Amino acid sequence: MCGIIGFLGNGEAVPVLLDGLRRLEYRGYDSAGIAVLNQEGIVRRRAAGKIANLEAMLTSNGVAGKAGVGHTRWATHGAPTRRNAHPHMTGRVAVVHNGIIENYRTLRDDMRAGGRRFESETDTEVVAHLFDALLEAEGTPAAAMTALMERLEGMFALAILIEGDDVVLAGARRGAPLAVGWGEGGLFLASDAIALAGHTRKVSYLEEDDLALVRRDGVEILGTGGHPVKRPVVDTELSGAVIGKGNYRHFMEKEIHEQPVAVGETLGRYLDPDAGSITIPGASLGPGAVERMTLIACGTAYYAALIGKYWLERLARLPADADIASEFRYRQAPMVEGGLGVFISQSGETADTLAAMRYARGLGRTVLAVTNTETSTVAREADLVLATHAGPEIGVAATKTFTSQVAVLFCLAVATARDRGTIDHHEVARLAGVLTTLPSTLARVIAMEEEFRQIAWDVAEARHVLYLGRGTSAIVAMEGALKLKEISYIHAEAHAAGEMKHGPIALIDEHVPVIVVAPGDELFDKTMSNVEEARARGGRIILITDEAGAADAGPVADRMVVLPAVDSLVTPLVHAIPVQMIAYHAAMRKGTDVDQPRNLAKSVTVE
Ligand code: F6R
């Protein structure tokens, strides 16, 4: 969602704020703004659209000051206009905010009745007015922040620039992340450590309802009740270089190419190739300990969950459900005694996933998190964390974190199967061998990029695209359709191939490319029957298969790509790459904004 940053230091604030905002832009890019403090008081600049617009404005109309706040917005309340852009200011304060203030209407009506005037349609402006009033009433930023937290409802992170006090910046966290950065040249508040790469690696993550008061001589962190607390200073290991684009045109392109390393690094934590073993440290997965697994996530991570479900059922013979986080909690889904909740989230901050996890905890169930962000809220609140080690993912469309999640879930399924006795140690060793060669297979598939690009150029002309598959390939098809929609804005649907005849086949004509994900496994012939049905109705068939499939396919496809053969269990990892690359190159062909597609944001911290 929105990205926020605050800085108090020895040098000029604007370059630091802009640099941080550029790194946070993946969180939202509807508008951007900064406010800095100087001898004139608080001075603000805002622009609708991307940070480049704000930069252009600052080039012609710059501001100086050694403290400030900045914001990049993903609009929730109010259109993405300059008037609604943060920071919102009144009196002695300027506020930037990520999240939603749920009771903003009541607060605004009360303050309007008291004579305050509002300029924007946002919930954030209410915070500015309320904090300004509380500062008057309470006298100190600490007391005003404590009172503010008592009045606000919702999930949010705040950074507030204050004029006329030794506390120059105040921060608060409730439900949305906020980090304090300890740099040589200054002190920071930021939505995540990525914003601070290149400035400092020393970061403290605020806990729920923590406040941070930033003075020239340091940062005081107050816990619930306003008592000083210490939060550990951690080394983020992020450098500016790690999160740059390198020689790639887009982060998404870079991240697709990083998959052999991301998956390899991730597997390295669960797989011992020498011993031929796969372990999930800290987990009891055998009968008695776990009777059922419920895998919960959103979007792409939900597709990883679905693949995990297939593997848990098949390998471990364990009843498993995959569920969309935003639905799970509100339908009050029961979780049986002995049920384990597995929550999958790249960011670890997705509001729906977090809420579903808290619901599961409320039912007394053990919860396990699969996340790429070990410092995230999901990770902190889980009983056990299974980390993916994909490195920062900046492109809004998830790629390397998806395959890394899928790799972890495969390890989880194998370890569960072993503990339940549905596979023996010979099979575990065989599967460990399969995983050991997986990163190099992914690299070979990536080297086939030109073939995927050619398909993508064909697909880019279409208005509608259909993806088909069976088994875990149906899920890869769904992920392919989601990727295509997200970044190329082409309408795409995915269906389990066997479902076609029950309705979706009516969509097919000669203008609809049908992309079929069909490795040469035991479901191949069944899928091919469905492909024939599509072809008979004029559908243009693009077949993504492997050597075994290609040998069996016959002349069914208008186009075919032949991937290296792998064990049929792990095909989703290998077949994910072509569907990602087809989406990427279709978007390139159409000239859309690959890394920052319209209406989307990377980390979805609102419900
Ligand atoms: C799609 C995509 C989203 C995320 C979803 C969950 O490319 O990136 O669908 O997968 O918003 O995000 P996380 O994994 O951070 O919970």
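These exercises work through a predicted model of a protein chain.

**Exercise 1. Domains**

Task: State how the chain is divided, then describe how domain 1 and domain 2 meet.

Solution: 
- Start with the bounds. Domain 1 covers 3–242, domain 2 covers 246–446 and domain 3 covers 448–595.
- Next, take the centres over C-alpha atoms. Those of domain 1 and domain 2 are separated by 34 Å.
- Then list the contact. Domain 1 brings 13 residues and domain 2 brings 11.
- Finish with the area. The two domains bury about 990 Å² between them. Carbon and sulfur atoms hold 60% of that area.

**Exercise 2. Helices H3 and H4**

Task: Decide whether H3 and H4 are parallel or oblique to each other, and find the residues that meet.

Solution: 
- Locate the helices. H3 spans residues 104–113 and H4 spans residues 124–138.
- Read the geometry. Their axes come within 10 Å and cross at roughly 50 degrees.
- Apply the cut-offs. Roughly parallel needs an angle under 35 degrees, and roughly perpendicular needs 65 to 115. H3 and H4 are therefore oblique to each other.
- Sort them by class. The contact of H3 with H4 has five nonpolar residues, one polar and one charged.

**Exercise 3. Helices H7 and H12**

Task: Describe how H7 and H12 cross, and which residues make the contact.

Solution: 
- Locate the helices. H7 runs over residues 259–268, H12 over residues 400–420.
- Read the geometry. The axes come within 9 Å, with a crossing of roughly 30 degrees.
- Apply the cut-off. Angles under 35 degrees count as roughly parallel, so H7 is roughly parallel to H12.
- H7 passes H12 in a right-handed crossing.
- Name the residues. From H7 come Gln259, Ala262, Val263, Thr266 and Leu267. From H12 come Lys400, Thr403, Ser404, Ala407, Val408 and Cys411.
- Sort them by class. Six are nonpolar, four are polar and one is charged in the contact of H7 with H12.

Technical notes: Residues numbered from 1 in each chain as written. Predicted model: local features only at pLDDT ≥ 70, side-chain atom pairs only at ≥ 80, totals over all residues. Heavy atoms only, no water. Axes fitted to C-alpha atoms, helices over the stretch in contact; angles between N-to-C directions. Helix = DSSP H or I, 4+ residues; strand = E, 2+ residues; numbered from the N terminus. Parallel < 35°, antiparallel > 145°, perpendicular 65-115°, else oblique. Nonpolar A, V, L, I, M, F, W, Y, C, P; charged D, E, K, R; others polar. Domains from an automatic or database assignment. Contact = heavy atoms within 4.5 Å. Buried area = accessible area lost by both parts, 1.4 Å probe. Left-handed = near helix turned anticlockwise from the far one by under 90°.
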